[in-house]
Amino acid sequence: AQCTRTVVGFNTCLCAYAAQGDIHKSYQLFKQMKEDGLQPDVVTYNALLNACANSHKQQRQTHGNPQNTTAHKMRKQQGNHDHSQNSKTMFEIAMRVFKLLKNDERVVQDHVTFGTLLKVGGSLLPPGSEEQEMFITRVVRMATQECSSMGLTPTFWRILKNLVTPALYQKLIEEDRIFRQTDSKRIPI
């Protein structure tokens, strides 16, 4: 696909590839955007995170032939045919993207970033595992602190509710409520 050579144009194409879970094309566009001298914004990074979270979709789009997927070809080249290894690799890529976002002083993560990180943890970490629970808890705590001035959206809480046990969900809601009551000095008036 030919993208308009603007940040918005690249982001539009990135979001389309991300929805399909095509991390390879998403990353190629990201590289091209930077080569063209354009500054990635929060939408750019969120799209890359979303591509990682949706990477499982890329495997399903092979019409029943997993041999055709980019992920399968990458695993074959690496000598690894284990799907869980692919999820681990995608998770590591997502964490690198988040680190790039955090280190980019011109870009601030937002509630969409944290909602997308929840999706990353939900789709790429073993369901119900301690690792997944710890990651999701960490994301909620970061989101609570970083988004304290605007609060977290209902969409964020819906994503969370679908990923965790009812007990953990209630615990995280309570932590968020307590944080908002005790950290009012962080909230601009």
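I started with W157, which counts as buried at 14% relative accessibility (buried is under 20% relative accessible area, exposed over 50%, partly exposed in between, with a 1.4 Å probe and protein chains only). This is a predicted model, where local features need pLDDT of at least 70, side-chain atom pairs count only at pLDDT 80 or more, and totals for chains, interfaces and linings use all residues. Residues are numbered from 1 along each chain as its sequence is written, and side-chain values use heavy atoms, leaving out hydrogens and water.

Next I looked up Y169, and it is buried too, with a relative accessible area of 12%.

Then I turned to the aromatic pairs, and the structure holds six (ring centres of Phe, Tyr and Trp, the last by its six-membered ring, lie within 6.5 Å; planes under 30 degrees apart are stacked, over 60 edge-to-face, the rest tilted). I noted F98 and F114 as an edge-to-face pair, 6.5 Å centre to centre with 65° between the planes. F98 sits in helix α6 (residues 83-103) and F114 in helix α7 (residues 111-124), so this pair ties together parts 16 residues apart in sequence (helices are DSSP runs of H or I, at least four residues, numbered from the N terminus). Both F98 and F114 are buried.

W157 and Y169 also pair edge-to-face, at 6.3 Å centre to centre and 80° between the planes.

Last, I checked α2, where I23, S26, L29, F30 and M33 are buried. Down the axis of α2, its buried residues fall within an arc of 125°, so they line one face of the helix (the arc is that of directions from the helix axis to the C-beta atoms).

How values were computed
Helix = DSSP H or I, 4+ residues; strand = E, 2+ residues; numbered from the N terminus.
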